[in-house]
Amino acid sequence: MESLGILNVTDNKKNVYCIDGNDALEIKLVRNPEDLQSPRFSFKPDMCHQVFGESEQIFGYKGLKIKLYYAAGNLTTYIGIEYEEKISTPGIEPDNVMEMLRNAIQSRFETNITVFERLLQEDDTFHPHGNLTNAFSIGDGLESKTFEVYVNDTSDANFLEYHTKVQTFVILYIDAANYVDPDEGNWKFFLLYEKYLSSNMVTKYGVVGYASVYEYYAYPSHIRPRVSQVVILPPFRCIGLCSKLLNSVYSYYQTNRKVVDITVESPSPDFQRVRDFVDCKNCINLDAFSPAKLKHGFSEEQIRQCKERFKINKKQARRIYEILRLKYTNIHNDEEYNAYLAEIKDRLCRPNKKRIMKRRFWSYFASDPDEFYVPALPDNGTLQDCDEDIEDEVLELKEQYDLVISRLNRNH
């Protein structure tokens with residue numbers, strides 16, 4: 001709930017007693033008791049509006065520090081709140097930070113650091129819930145790290161209790177994310193862990209990432225898995241783990257004959273880039289995507305091979321085609337490069353052209369063509385304007401594709 005007290009004080013006091021929730025909140029994954037006094041594995045949220053309100057401001061404190069600590073494996077939780085001063089103006093109440101956190105976290109937590117430290121011992125015997133579906137290593141020699149992916153569903157009550165703790169990360173790192181309703185039984189959950197040796201030489205597991213997938217029904221007896229939420233926690237980013245987790249999800253479904261295709265729900269630009277990289281890396285060696293065949297344009301063969309081999313739908317297959325064709329296009333050859341840009345431009349402009357032509361058609365039969373629910377372009381109504389507006393979109397798309405290609409070149 002948004003603070004109301006903030007409206008009742010002067011601007012000067014407002015600034016003194018206001019703090020950004022993202023700055024105040026410190027999250028930590030504790031692997032060993034000594035980590036409690038170390039910045040190791042401490043990190044900040046990307047957002048906190050679902051905890052502290054739309055403005056993400058906390059009112060009523062100076063020097064506020066909120067500690068949200070987790071045992072790295074079983075996610076036993078501790079919350080500690082410290083501040084230098086709390087507002088004492090009569091009639092003005094500070095935000096109830098503990099209540100805000102309680103409403104957001106929705107699972108049991110400790111408020112005594114001594115009790116939490118004692119409970120850390122239980123993490124030594126923690127083993128991930130569910131079934132192991134993938135394992136891999138990153139790095140070489142002494143720098144090598146081992147990771148495992150476990151898949152779960154809603155039938156395990158013990159996992160659902162654990163999942164409640166995991167979901168806190170979702171609202172802190174995915175904009176507009178919602179908690180999963182376990183009563184909807186078509187969910188699959190993929191948990192990524194690092195498998196490591198503790199300081200006392202015990203094999204342990206630490207949470208690294210999470211993905212949720214909803215299995216939609218497809219006629220007559222098939223399913224369409226849709227990737228809903230994917231999170232890699234900040235200490236483990238930028239080492240390729242998101243692509244590994246996504247590939248683990250793909251691998252889980254690719255051999256299932258009931259799966260029609262795998263889709264993604266409203267991907268962010270960053271996640272779409274990871275998805276593009278994974279899909280292009282998977283498809284680059286398919287015969288239909290050879291440099292010679294890419295030059296002949298987007299084909300039914302490419303659609304078929306994407307779907308049969310990797311359960312990729314037609315829309316994403318087209319995107320893979322455009323990225324790989326750009327990869328093999330000589331951008332210094334004007335004729336070759338302009339032909340590629342023209343094809344992308346035509347694909348982007350085609351739906352708008354169809355809408356304009358439909359409106360023109362219906363205008364012959366009705367005084368008000370809008371009643372036929374053929375949407376007009378938002379700001380323009382001519383084919384020439386359509387062409388001009390698409391130019392920027394083509395160049396923006398090319399910039400996105402270039403980032404994917406750059407990563408492909410580094411990893412191929």
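1. Gln 106 comes directly after H4, and its phi is positive, near 60°. Helices (H or I, at least four residues) and strands (E, at least two) are DSSP runs, numbered from the N terminus.

2. H4 itself spans residues 97-105, with Val 97, Met 100, Leu 101, Ala 104 and Ile 105 buried (under 20% relative accessible area, with exposed over 50% and partly exposed in between; 1.4 Å probe, protein chains only). Viewed down the axis of H4, these buried residues lie within an arc of 115°, so they line one face of the helix; the arc is taken from the directions from the helix axis to the C-beta atoms.

3. That buried set packs against several elements, among them helix H3 (49-52), strand E6 (65-71) and helix H6 (157-173).

4. Do have a look at Lys 188, which sits in strand E11 (residues 187-197). Lys 188 counts as buried because its relative accessibility is 15%. Its contacts (heavy atoms within 4.5 Å) beyond four places in sequence include Asp 153, Glu 215, Tyr 252 and Tyr 253.

5. On confidence, the protein chain averages a pLDDT of 90 (the predictor's confidence in each residue, from 0 to 100), and 87% of the residues score at least 70. Residues 1-9 stay under 50, with 18 contacts beyond four places in sequence. Residues 372-381 are also below 50. Where pLDDT is low, the predicted coordinates should not be read in detail.

6. A word on conventions: residues are numbered from 1 along each chain as its sequence is written. Local features need pLDDT of at least 70, side-chain atom pairs count only at pLDDT 80 or more, and totals for chains, interfaces and linings use all residues, while side-chain values use heavy atoms, leaving out hydrogens and water.
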